Amino acid sequence: MTARTVFSVTQVNRYVKKMLDSDALLAGLFVEGELSNFNAHSSGHLYFTLKDENAAIGGVMFKGSAESLKFVPKSGMKVIAFGHLGLYEKTGQYQLYVEFLEPAGIGGLQLAFSQLKEKLEAAGLFDASRKKDIPRFAKSVAVITSPTGAAVRDIIKIIRERNAAAKIIISPAIVQGEYAAADIIRAIREVNEFGEADVIVLGRGGGSAEDLWAFNDENLAYAVSASKIPVISAVGHETDFTITDFVADLRAPTPTAAAQIAVFDRAQMLEEICRLLDILTQGFLFSFEARSGAVKSFTEKLSRLTDERLVRERQNLAQSEILLEKVSPYTIFKRGFAITKIEDKLITSVKNLSPGQNIEITWADGEANAKIEKIKIRK
Amino acid sequence: MQKSKKLKFENKLERLREIVSIVEDIDTPLDEAISLYKEGIAVAKECGEALRGYEEQVLLLKKTADEFVLEPFDGVS
């Protein structure tokens with residue numbers, strides 16, 4: 001009888017690990033299955049189980065790989081994972097170390113997508129330096145999408161709500177199927193030739209990966225990149241990423257979001273202007289007040305008037321002109337205040353005066369000339 | 001005033017912010033504050049008018065043989 005060999009647990013696991021690591025197939029394989037026990041750890045690593053009807057494998061995706069995920073994995077989702085199989089020595093369990101994860105069912109398309117993405121990235125099409133700024137105060141928005149879809153209705157609705165003074169130019173295009181990419185390219189070219197739009201919203205509503213496929217076209221990517229008018233892309237839902245999204249000057253998660261980015265909120269801007277007016281008036285009155293205690297009670301009255309006005313103003317923005325007149329400096333003159341000047345220079349102190357000097361007094365409705373007789377300096 | 005009419009909305013808004021900060025500064029001489037205040041009111045009014053605007057149409061861009069045509073878009077249902 002030969003002497004028995006006794007191994008430590010560590011030795012066994014190390015041996016199995018070495019066996020697994022040396023296997024060519026296990027060094028890099030695609031595994032299809034359903035995600036379960038999905039756990040996105042705060043460290044950025046993802047832990048999950050891949051299973052089918054009969055079996056399960058533990059899986060881990062480290063932060064570095066997880067960051068480049070193009071979709072949000074969830075338990076119950078069918079996926080294809082790529083990675084290597086290895087042993088976690090601590091527990092003696094083997095698991096799949098996933099480097100790449102994609103939703104199952106579109107594997108072929110996904111591969112084409114990845115390859116094109118790499119190619120265009122290498123060509124510099126996604127470089128931040130190529131991206132044009134989205135104007136903050138666009139007056140005219142071109143919308144390239146299907147004229148009959150839900151997306152166009154949503155976009156129009158949001159733009160009208162935010163800023164009814166913004167012009168919307170719909171440039172209809174086929175957004176699905178084999179002719180879509182060429183038709184979208186035509187629309188981009190036409191909108192640029194027409195030239196009136198400040199920004200382009202390009203997109204369509206949600207659909208399957210195949211439905212959105214036109215937006216992964218290489219020629220379309222170059223057309224978006226060549227557009228002189230900045231392009232906001234909005235293809236499908238928040239979790240859908242297309243090549244067009246990477247090339248566009250800005251990617252909006254949805255068509256609705258694109259509409260929100262394309263135009264500023266008019267009511268909010270009017271409010272901002274009212275606020276600025278408020279500060280301006282207060283600042284102006286303060287500089288008055290700071291120079292003369294005599295105007296104090298009056299400024300209080302006026303600022304109260306202004307406050308009330310402003311409150312009403314915000315409720316009814318259309319009446320802002322009335323406010324503007326009420327807080328105008330002429331209103332102060334109308335209350336009996338006047339400005340004195342010597343040779344067009346404003347007099348801010350009696351110390352600048354001497355008896356016998358000619359001064360000019362300005363009221364709301366005219367001027368008068370006067371001569372200084374006596375000066376009294378208040379202490 | 002004539003000049004500020006030509007400014008685009010963004011520039012006007014910027015000018016208004018600038019005026020506000022100068023007028024807010026108590027070291028600004030009163031005569032300057034008065035004229036800036038007047039300008040500020042005028043610029044704010046222009047901004048308000050530019051914003052109020054009219055309701056723009058939704059248009060459909062079409063290209064015929066060699067020219068562009070804009071038609072009212074009535075696809076909103």
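**Exercise 1. Find which residue stands opposite A:Ile170, and describe the strand pairing around it.**

A:Ile170 stands opposite B:Leu60, which sits in E1(B). Now zoom out to the strands: E7(A) pairs with strand E1 (residues 58-63) of chain B, in the parallel sense, over three bridges. (Pairing needs at least two DSSP bridges between the strands; strands are DSSP runs of E, at least two residues, and helices runs of H or I, at least four, numbered from the N terminus.)

A word on the model: it is predicted, so local features need pLDDT of at least 70 and side-chain atom pairs pLDDT 80 or more, while totals for chains, interfaces and linings use all residues. Residues are numbered from 1 along each chain as written, with chains lettered from A and ligands numbered from 1 in written order.

**Exercise 2. Work out how many residues each chain gives to the contact, and which elements of chain A take part.**

Start with the count: 41 residues from chain A and 37 residues from chain B (contact means C-beta atoms, placed from the backbone, within 7 Å). Next, the elements of chain A supplying at least two residues each are H4 (150-162), E7 (167-172), H5 (180-194), H9 (266-291) and H11 (320-326). H9(A) brings the largest share, 14 residues.

**Exercise 3. Determine how H5(A) and H6(A) are oriented to each other.**

The axes of H5(A) and helix H6 (residues 218-226) of chain A come within 9 Å and cross at roughly 10°. (Axes are lines fitted to C-alpha atoms over the stretch in contact, with angles from 0 to 180 degrees between N-to-C directions.) The two helices are therefore roughly parallel (under 35 degrees). At the contact, A:Ile184 and A:Ile188 are among the H5(A) residues, and A:Leu220 and A:Ala223 among those of H6(A).

Definitions and conventions: Contact = placed C-beta atoms within 7 Å. Parallel < 35°, antiparallel > 145°, perpendicular 65-115°, else oblique.
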